[in-house]
Every structure is written in C-alpha cells, then in structure tokens.
Amino acid sequence: MHKAPNPTSPLIEILPTGTVVAVIKEESGWVHILVTETGRDGWVNAKFLRSD
C-alpha cells in the first residue's frame with residue numbers, strides 16, 4: 001500500500017492476501033482503500049484487488 005497513486009510513492013504497508021478493504025475512490029488504475037481491520041488508508045494498484 002502506497003502513500004500516493006504511483007509506484008514511486010513510499011510504501012506504507014505490505015498487505016497480506018485476503019486483507020479486507022473498502023474502496024474510497026479510483027484514479028488512473030490505482031485504488032484508494034481503507035483497511036477495515038486497522039483503519040489505515042493508502043493506494044494500491046487495481047490489479048492487486050478482487051471483489052468477493
């Protein structure tokens with residue numbers, strides 16, 4: 001999970017597979033997410049997300 005929606009932005013956290021998140025918004029192939037368990041937010045590339 002990055003601070004901003006680009007690959008050179010600093011990493012905030014590496015999320016394990018299966019982490020439950022809420023989508024805040026989408027921008028240019030990146031998704032601003034909120035990690036449900038911790039309340040932390042950041043940006044991930046959309047290719048790493050899937051919906052159930």
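The largest pocket is lined by 22 residues, and those nearest its centre are Pro 16, Gly 18, Thr 19, Phe 48 and Leu 49. Strands β1 (21–27), β2 and β3 (41–45) are the elements that each give two or more residues to this lining. The volume of the largest pocket is about 600 Å³. Of the lining residues, 13 are nonpolar, 6 polar and 3 charged. A pocket is here an open set of points on a 1 Å grid over the protein atoms alone, where a 1.4 Å probe fits and protein lies on both sides within 12 Å along at least five of seven lines; lining residues have an atom within 4 Å of a point.

The model is predicted: local features need pLDDT of at least 70 and side-chain atom pairs count only at pLDDT 80 or more, while totals for chains, interfaces and linings use all residues. Residues are numbered from 1 along each chain as its sequence is written, and side-chain values use heavy atoms, with hydrogens and water left out.

Strands are DSSP runs (E, at least two residues), numbered from the N terminus. β1 and β2 pair in the antiparallel sense over 6 bridges, where pairing requires that DSSP finds at least two bridges between two strands. Within this pair, Ala 22 stands opposite Leu 34 in β2. The two strands form a hairpin with 2 residues between them, and Ser 28 in the turn has a positive phi of about 50 degrees.

The largest nonpolar core consists of 5 residues, namely Met 1, Val 31, Ile 33, Val 35 and Val 44. Such a core is a set of buried Ala, Val, Leu, Ile, Met, Phe, Trp, Tyr and Cys residues joined through side-chain atoms within 4.5 Å; buried means under 20% relative accessible area, exposed over 50%, and partly exposed in between (1.4 Å probe, protein chains only). Strand β2 (residues 30–35) gives the most to the core, with 3 residues. Beyond its neighbours within four places in sequence, Val 44 is in contact (heavy atoms within 4.5 Å) with Met 1, Gly 29, Trp 30, Val 31, Ile 33 and Leu 49.

Two further residues were examined individually. Lys 25 lies in strand β1 and is partly exposed, with a relative accessible area of 42%. Its contacts, neighbours within four places in sequence aside, are Trp 30, Val 31, His 32 and Trp 43. The C-alpha atoms of Lys 25 and Trp 43 are separated by 9.4 Å. Pro 7 is found in the segment before β1 and is exposed, with a relative accessible area of 63%.

Terms used
Helix = DSSP H or I, 4+ residues; strand = E, 2+ residues; numbered from the N terminus. Points joined across faces, edges and corners; volume = space filled by probe spheres on them. Nonpolar A, V, L, I, M, F, W, Y, C, P; charged D, E, K, R; others polar.
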